[in-house]
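Here are my notes on the model, point by point. Please read them with the coordinates open.

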Amino acid sequence: MSKKKNIKEEEMEALIAEKTELNDRFLRLYSEFENYKKRTNKEKVDLIATASEKVILDLLPVIDDFERAIQHNQNMEEISILKEGFELIYNKLLAILKRFGVEEIVALGETFDTDLHEAITHFPAQNEEDKGKVMDVTQKGYKLKDKVIRFAKVVVAN
């Protein structure tokens, strides 16, 4: 009987050692996971806080151009040069937005689509093919990589 007791005691000690080892591994994994969660949450907060930095850095030269244009145009008498300067700045701004995946929602003449357009008013259509079409755009809409970030405000013919 004492041999049987020794075997049972050895099994019990082995099980206790295994339990202790598994518990230790579990605690280590749990701690690592908690650290991972804290680190990723901090990275997300940092990313959100600085997400617009690249866009802003690209927009700063446009502000510089506007400031130069304002300063230069104080004594400007030639309006065509003024118009050309503003067009250049406008095109530069559009190019920056395009690089970041911003695109205008084409609305004028298109069929009214609630996923892209917001109807601000309706008026009777002149003919049948104009029904349900966008006849005027009061505010352009924009998408950021396929996601509508601002709906186009439109006038629709019914």
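1. How many residues does helix 3 have, and how far does it reach from its first C-alpha to its last? Helix 3 has 21 residues and reaches 31 Å, close to the 30 Å expected at 1.5 Å a residue. The expected span is 1.5 Å times one less than the number of residues. Helices here are DSSP runs of H or I with at least four residues, strands are runs of E with at least two, and both are numbered from the N terminus. After helix 3 comes Gly 101, with a positive phi near 90°.

2. A word on provenance. This is a predicted model: local features need pLDDT of at least 70, side-chain atom pairs count only at pLDDT 80 or more, and totals for chains, interfaces and linings use all residues. Residues are numbered from 1 along each chain as its sequence is written, and side-chain values use heavy atoms, with hydrogens and water left out.

3. Helix 2 covers residues 53–72. Its 20 residues should span 28 Å at 1.5 Å a residue, and the end C-alpha atoms are 29 Å apart, which agrees. Helix 2 still bends by about 25° at Leu 59. The bend is the angle between axes fitted to the seven residues ending at a residue and the seven starting there. A proline, Pro 61, follows within four residues.

4. Which residues of helix 2 are buried? Asp 58, Val 62, Asp 65 and Ala 69 are. Buried means under 20% relative accessible area, exposed over 50%, and partly exposed in between (1.4 Å probe, protein chains only). An α-helix has 3.6 residues a turn, so residues three or four places apart point the same way. Helix 3 (79–99) is included in what covers the buried residues of helix 2; contact here means heavy atoms within 4.5 Å.

5. The structure holds three aromatic pairs. One of them is Phe 66 with Phe 86, tilted, at 5.9 Å centre to centre and 45° between the planes. It links distant parts of the chain: Phe 66 sits in helix 2 and Phe 86 in helix 3, 20 residues apart. Rings of Phe, Tyr and Trp (its six-membered ring) pair if their centres lie within 6.5 Å; planes under 30 degrees apart count as stacked, over 60 as edge-to-face and the rest as tilted. Phe 66 is partly exposed at 32% relative accessible area. Phe 86 is also partly exposed, at 36%.

6. An open sheet of three strands has the order 2-6-3 and mixed pairing. Strand 2 (117–123) and strand 3 (134–139) are its edges, each pairing on one side only. The twist averages 30° from one strand to the next. Two strands pair if DSSP finds at least two bridges between them. Strand 2 and strand 6 (residues 152–157) run parallel, joined by six bridges. His 122 stands opposite Val 156 in strand 6.

7. Another open sheet of three strands has the order 1-4-5, with antiparallel pairing. Its edge strands are strand 1 (102–105) and strand 5. Neighbouring strands are turned by 40° against each other on average, direction ignored. Four bridges join strand 1 to strand 4; Glu 104 has Tyr 142 as its bridge partner in strand 4.

8. Last, the hairpin. Strand 4 (residues 141–144) and strand 5 (residues 147–150) pair antiparallel over three bridges. Lys 143 is partnered by Val 148 in strand 5. Two residues lie between the strands, and Lys 145 takes a positive phi near 50°.

Key: Axes fitted to C-alpha atoms, helices over the stretch in contact; angles between N-to-C directions.
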